[in-house]
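Let us take a walk through this model together, one stop at a time. Please keep the sequence and the 3D view at hand as you read.

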Amino acid sequence: MKGYQLEFFMEQNTRKAHQALYEWLVDLARAQGIAGATVMMGSMGFGHHSRMHSAHFFDLADQPVLVAMVVREEEAIRLFEILEQEKVSVFYVKMPVEFGTLGERTV
């Protein structure tokens, strides 16, 4: 299949209403029937303002977070429509990919 790999970058303390934005994105993907999403916590990084973000022992709020998912074109269109509708402010990368599953499924 052909589609897109979507990656959303944020800090752990970025929120959408009462919920962490990364959790909100995963819940949205699931509600939209997207096959999967992965959250990765980074130990260090910097953004477009060149400000360092890192996971400190005492304060994890500044920890970089990446939400990744692979979607079909129509799923990407719908997802971005919702993000615009909800006025979500987040940096993203959208890369065209070919994807599929090899071998037998294991439980």
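The second largest pocket is lined by M1, G33, A35, G36, V70, V71, R72, E75, F99 and G100. A pocket here is an open set of points on a 1 Å grid over the protein atoms alone, where a 1.4 Å probe fits and protein lies on both sides within 12 Å along at least five of seven lines; lining residues have an atom within 4 Å of a point. This is a predicted model, in which local features need pLDDT of at least 70 and side-chain atom pairs count only at pLDDT 80 or more, while totals for chains, interfaces and linings use all residues. Residues are numbered from 1 along each chain as its sequence is written, and side-chain values use heavy atoms, with hydrogens and water left out.

How much space lies in the second largest pocket? The answer is about 180 Å³, taken as the space filled by probe spheres set on the grid points, which are joined across faces, edges and corners. Its lining has five nonpolar, three polar and two charged residues; in this scheme Ala, Val, Leu, Ile, Met, Phe, Trp, Tyr, Cys and Pro count as nonpolar, Asp, Glu, Lys and Arg as charged, and the others, Gly among them, as polar. Strand β7 (residues 64-72) gives the largest share of this lining, three residues. Strands (E, at least two residues) and helices (H or I, at least four) are DSSP runs numbered from the N terminus.

Let us follow β7 into its sheet. Four strands form an open, antiparallel sheet in the order β4-β7-β1-β8, where two strands pair if DSSP finds at least two bridges between them. At the edges stand β4 (38-41) and β8 (91-98), each with a single partner strand, so one side of each has no neighbour in the sheet. On average, neighbouring strands of this sheet are turned by 20° against each other, direction ignored, with axes fitted as lines to C-alpha atoms and angles that run from 0 to 180 degrees between N-to-C directions.

β7 is joined to strand β1 (residues 2-11) by nine bridges, and the two run antiparallel. Along this pairing, G3 has R72 of β7 as its bridge partner, and M10 stands opposite V65 in β7. β4 also pairs with β7 in the antiparallel sense, over four bridges, and here M41 has V65 as its bridge partner. Seven of the nine residues of β7 are buried, meaning under 20% relative accessible area, whereas exposed means over 50% and partly exposed in between (1.4 Å probe, protein chains only).

Now back to R72, which also takes part in salt bridges. Between R72 and E74 the closest N and O atoms are 2.8 Å apart, and between R72 and E75 the N to O value is 3.3 Å. R72 is partly exposed at 34% relative accessible area, E74 is partly exposed at 48%, and E75 is buried at 11%.

The structure holds five salt bridges. Another of them joins E81 and R78 (3.5 Å, N to O), which both lie in helix α2 (residues 73-85), three residues apart, about one turn of the helix. E81 is partly exposed at 43% relative accessibility, and R78 is partly exposed at 37%.

Technical notes:
A salt bridge is a side-chain nitrogen of Lys or Arg within 4 Å of a carboxyl oxygen of Asp or Glu.
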